[in-house]
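Here is a set of questions and answers for a reader new to this structure. Each answer works through a few steps and ends on what was asked for.

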Amino acid sequence: MSLTGWELAFAFVIFPGFAFTATVGLVLTWVDRFVSARVQWRKGPPLYQPFADMLKLLLKQTVVPAGASKVTFLLAPMLGFAAMCVTSVLLFYVNFFPQGSFVGDLIVLVYLFALPPIAIIIGASASRNPLSAVGASREMTLYLGYELPFLLALVVPVIRTGGAIRLGDLVLAQQAGGPFLYSVSGVIAAVIVLICIQAKLGYPPFDMAEAEQEIMSGVLIEYSGVPLAMFRLTKAMMFFLMPCFLVTVFWGGLASWWAILKLLAIAVLIILIKNTNPRFKIEHALRFFWFILGALGIAAVILAFMKL
Amino acid sequence: MKDPRIWGLKKSPWVYHVAAASCNNCDIEILELLTPRYDVERFGIVLVGSPRHADVLLVTGVINRKSLPRVLEVFEQTPKPCLVIGIGSCTCNNHIFRNSYNAVGPYDKYLPMHAYVPGCPPKPEAMILGVVKALGKL
């Protein structure tokens with residue numbers, strides 16, 4: 001089946017697009033803050049905290065710094081936000097109607113997940129602040145770093161299904177023959193993707209672009225009010241969609257109630273990694289991604305060819 | 001609860017810490033206030049790195065001819081509505097620097113102050129009380 005007219009509008013705006021993804025993403029950021037608090041033996045904020053933050057930011061004054069490129073500065077947050085809305089529709093559609101997706105949507109999703117970091121780089125470069133320029137250059141380096149192992153890891157399920165680049169085919173193959181995660185190459189690839197998610201979200205140990213202690217939240221330093229809210233919302237939606245993507249590609253798809261537990265487990269794992277690791281230096285992160293995770297990715301691809 | 005803007009500000013006051021030439025004692029106490037022991041994140045209070053994200057400015061130190069323009073600039077960079085809270089006796093009056101040629105305080109000659117927390121340095125509990133009183137006035 002395919003969506004038309006009002007159905008499509010509903011899919012993008014309400015479910016599973018903007019409203020649903022943003023709500024779940026914000027609740028997940030509360031889970032993040034709550035688990036972090038428990039790791040530090042604190043009580044943590046109430047459940048409505050992320051929503052209060054969002055409301056406050058949306059109603060606050062928006063300052064555009066003098067000399068900044070106004071249009072680019074204000075439109076950059078929209079780029080990543082729109083990309084995440086489209087991603088959520090695609091991702092849920094292929095899970096519940098695996099036959100209905102188009103060939104190559106895996107590649108489209110990889111590009112859509114690349115848009116939020118690019119939006120951050122564009123916005124930071126438009127803000128005419130030296131610290132945010134430092135943050136943008138770090139974000140760029142980090143992006144070049146994690147994209148290589150990320151793509152290598154995504155090649156693994158494609159090889160295992162014999163060259164399917166349609167997400168629907170990956171989901172169907174897993175429903176028939178068991179998740180890719182339960183094999184050597186699958187485990188290695190899933191761990192690589194998990195670490196790349198950490199870097200894509202900008203969480204420690206890969207938060208050098210937003211390092212609060214050295215470059216004062218770097219890329220976001222000049223943002224206030226509505227654009228800042230958009231960036232935080234994009235990040236919250238990514239925090240929900242990236243684990244969804246991992247479950248879709250490696251862990252049997254979202255079309256069962258177990259998927260909720262799987263998503264929560266992955267989110268809590270990300271939060272625990274975030275809370276127990278100090279920040280990498282940027283050149284160390286690049287070396288880690290290219291020479292350690294890249295080598296692991298190549299090993300996973302070879303293992304996948306050997307059907308392990 | 002009448003104005004959603006005020007509600008949001010009360011429920012998630014993000015704090016930016018302006019160290020305007022203090023002796024560093026109040027700054028250390030502010031950092032202690034933000035440790036897990038007092039857990040101010042229960043009330044949504046988070047330390048942010050940039051005045052653009054801030055709702056509450058915590059200023060410390062006796063104001064002088066050199067720091068005054070900087071503090072005013074940080075205040076202008078902060079999106080409104082924002083609160084300004086003076087931490088330490090130096091902000092209330094000029095404290096032990098009152099006879100100095102360089103001290104031009106107190107702060108409310110130049111900024112709309114919402115609360116002062118006296119003490120040299122004030123205890124974290126006193127700062128929490130100050131923030132609660134300032135938010136209660138809104």
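Q: Which residue is the bridge partner of B:Thr60 in β4(B)?
A: The model is a predicted one. Strands β3(B) and β4(B) run parallel and are joined by 5 bridges. In β4(B), B:Thr60 has as its bridge partner B:Ile87.

Q: What is the order of the strands in the open sheet of chain B?
A: The sheet is open, has 5 strands and shows parallel pairing. Strands β2 (46–47) and β5 (115–117) of chain B have a single partner strand each, so one side of each is left without a neighbour in the sheet. With these two at the edges, the order is β2-β1-β3-β4-β5.

Q: Over how many bridges do β1 and β3 of chain B pair?
A: Strand β1 of chain B covers residues 14–19, and strand β3 of chain B covers residues 56–60. B:His17 stands opposite B:Leu58 in β3(B), and B:Val18 stands opposite B:Val59. The two strands pair in the parallel sense, and the number of bridges is 5.

Q: Are the residues of β3(B) that point each way from the strand buried or exposed?
A: B:Val56, B:Leu58 and B:Thr60 point one way from β3(B), while B:Leu57 and B:Val59 point the other way. On both sides, then, the residues are buried.

Q: At about what angle does helix α3 of chain B run to β3(B)?
A: Helix α3 of chain B spans residues 67–77. It lies across β1, β3 and β4 (83–87) of chain B. Its angle to β3(B) is about 170 degrees.

Q: Is B:Arg70 buried or exposed?
A: B:Arg70 is in helix α3 of chain B. Its C-alpha atom is separated by 9.6 Å from that of B:Val18, 52 residues apart along the chain. Because B:Arg70 has 12 C-beta neighbours inside 10 Å, it counts as exposed.

Q: How many residues does chain A give to the contact with chain B?
A: Chain B brings 18 residues to the contact. By class, this side of chain B has 5 nonpolar, 6 polar and 7 charged residues. From chain A, the number of residues is 27.

Q: How far apart are the axes of α3(A) and α10(A)?
A: Helix α3 (residues 49–59) of chain A packs with α10(A) at an angle of about 150 degrees, and the crossing is left-handed. A:Met54, A:Leu57 and A:Leu58 in α3(A) meet residues of α10(A), among them A:Leu228 and A:Leu233. The contact has 7 nonpolar, 1 polar and no charged residues. The axes of the two helices are apart by 6 Å.

Q: Is α10(A) parallel or oblique to α11(A)?
A: Helix α10 (residues 225–250) of chain A and helix α11 (residues 258–276) of chain A have their axes 9 Å apart. They pack at an angle of about 120 degrees. That angle makes α10(A), relative to α11(A), oblique.

Q: How many charged residues are in the contact of α10(A) with α11(A)?
A: α10(A) passes α11(A) in a right-handed crossing. By class, the contact has 8 nonpolar and no polar residues, and the number of charged residues is 1.

Q: Are α8(A) and α12(A) roughly parallel or roughly antiparallel?
A: Helix α8 (residues 184–201) of chain A and helix α12 (residues 282–305) of chain A pack with their axes 8 Å apart. The angle between them is about 150 degrees, and an angle over 145 counts as roughly antiparallel. The two helices are therefore roughly antiparallel.

Q: Which residues of α8(A) make the contact with α12(A)?
A: α8(A) passes α12(A) in a left-handed crossing. On the α12(A) side the contact includes A:Leu293, A:Gly297 and A:Leu303. By class, the contact has 11 nonpolar, 2 polar and no charged residues. The residues of α8(A) are A:Val184, A:Ser185, A:Ile188, A:Ala189, A:Ile192 and A:Ile195.

Q: Is A:Pro278 buried or exposed?
A: A:Pro278 lies in the loop between α11 and α12 of chain A. Its C-alpha atom and that of A:Pro205, 73 residues apart along the chain, are separated by 5.4 Å. Because A:Pro278 has 6 other C-beta atoms within 10 Å, it is exposed.

Terms used. Residues are numbered from 1 along each chain as its sequence is written. Chains are lettered from A and ligands numbered from 1 in the order in which they are written. This is a predicted model: local features need pLDDT of at least 70, side-chain atom pairs count only at pLDDT 80 or more; totals for chains, interfaces and linings use all residues. Axes are lines fitted to C-alpha atoms, for helices over the stretch in contact, and angles run from 0 to 180 degrees between N-to-C directions. Helices (H or I, at least four residues) and strands (E, at least two) are DSSP runs, numbered from the N terminus. Angles under 35 degrees count as roughly parallel, over 145 as roughly antiparallel, 65 to 115 as roughly perpendicular and the rest as oblique. A crossing is left-handed if the near helix is turned anticlockwise from the far one by less than a right angle, and right-handed if clockwise. Ala, Val, Leu, Ile, Met, Phe, Trp, Tyr, Cys and Pro count as nonpolar, Asp, Glu, Lys and Arg as charged, and the others, Gly among them, as polar. Two residues are in contact if their C-beta atoms, placed from the backbone, lie within 7 Å. Two strands pair if DSSP finds at least two bridges between them. A residue is buried if 20 or more other C-beta atoms lie within 10 Å of its own, exposed if 12 or fewer, and partly exposed in between; C-beta atoms are placed from the backbone.
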